[in-house]
Amino acid sequence: MDALIKERINQVLKGDHNAFGEIVEIYKDKVFQICFRMLGNRQEAEDLAQEAFVRAYVNIRSFNITMKFSTWLYRIATNLCIDRLRKKKPDYYLDAEVAGTEGLNMYSQIASDMAKPEEEVESLELQETIQVEIMKLPEKYRSVIVLKYIEELSLKEISEILDLPVGTVKTRIHRGREALRKQLRHL
Amino acid sequence: MNCHEEIIEYMHDYLDEDIKPEHKEVLRKHLHDCAECRDYFHEMKKAVALVQSTSHIKAPDDFTAKVMAQLPKETKTTGAKRWFKSHPFMTAAAMFIILMTGSVFSTYNQDEHFSVSKQPNLVVEGETVIVPEGETIKGNVVVQNGNIQIDGEVEEM
């Protein structure tokens, strides 16, 4: 995988557009997911995820080839999300939390292995509830929780993505987990 | 819960898969004895499992196309290079046509060149073919783009 990515990056460095398309294909779901979990809004997540890839392309020369490409890419994406969250007006969140229709659209895309429709609806509602609870987390806890539990990254990778010491990442995961425990215990 | 702060810390370490064996033992014993902490630990693991269950969202189908449309344009030479690489057959066909055209032209040009059928005894001086006096040439003598001077004899085969 890493070898393939490196080869594609070298092609991009030589000016080959299409090689970048393959990179986008490989990482699009992960990057989109980070943005969606961070922002809680599908359209905004799509815009920012696209923006993250465009930035990666434009700045590809500053990518250190000995580094893990995903770390670099996720860093661009999380930084964009964090910037966006900081610029937003607080009342926006209320909109995002209530907008259940957004979720419907969203989860209809999840490959479903569930047979019964009622089970599916139930699971849909649960998924929406969980997303709402994730959105309630302060941004600094939300980012670590998303990277740790949704993207399943190691503490070291998270610390590299967020440019924070591992100890800080750990503390934030603990706080985030505490908050989620309180929020989700009655489900 | 305050008296169990240390235990909660161990729970986190456990969930981070970063717990010392002796702490793990303390945690295990405590959870066995303390229902309150058992519930707490259960709630925390449940929260994690619920969050994990929301993963696997897919990007929209046209995502890559939209990204590609936003990229700055690439240089023309790379585009051409890639075209040759990705269309080897067309490249081969183009080469074939070029070479064929070349060879047609060169054969066409040959018509204007001086040539003479190969027979012994013929003498060639510049662009003039001479059948020397006293010699008999067998068969037709063909001269292209040149002159012939027959001093001897040409015998039909």
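This report covers the interface between chain A and chain B, then one buried serine.

## Basis

The model is predicted: local features need pLDDT of at least 70, side-chain atom pairs count only at pLDDT 80 or more, and totals for chains, interfaces and linings use all residues. Residues are numbered from 1 along each chain as its sequence is written, chains are lettered from A and ligands numbered from 1 in the order written, and side-chain values use heavy atoms, without hydrogens and water.

## Interface area

In chain A, 45 residues are in contact with 38 residues of chain B (heavy atoms within 4.5 Å). The two chains bury about 4000 Å² between them, 60% of it on carbon and sulfur atoms. Buried area is the accessible area (1.4 Å probe) that two parts lose on being put together, summed over both. On the chain A side, A:His17, A:Arg177 and A:Arg181 lose the most area to chain B, together 16% of what that side buries.

The chains share 5 salt bridges (a side-chain nitrogen of Lys or Arg within 4 Å of a carboxyl oxygen of Asp or Glu). One joins the side chains of A:Arg185 and B:Glu43, at 3.6 Å from N to O.

## A buried serine

A:Ser143 counts as buried because its relative accessibility is 2% (buried is under 20% relative accessible area, exposed over 50%, partly exposed in between; 1.4 Å probe, protein chains only). A polar atom of its side chain lies 3.3 Å from the backbone oxygen of A:Lys140. Beyond neighbours within four places in sequence, A:Ser143 is in contact with A:Met38 and A:Leu162.

Key. Polar contact = N/O pair within 3.5 Å; in protein donor to acceptor, adjacent residues only side chain to side chain.
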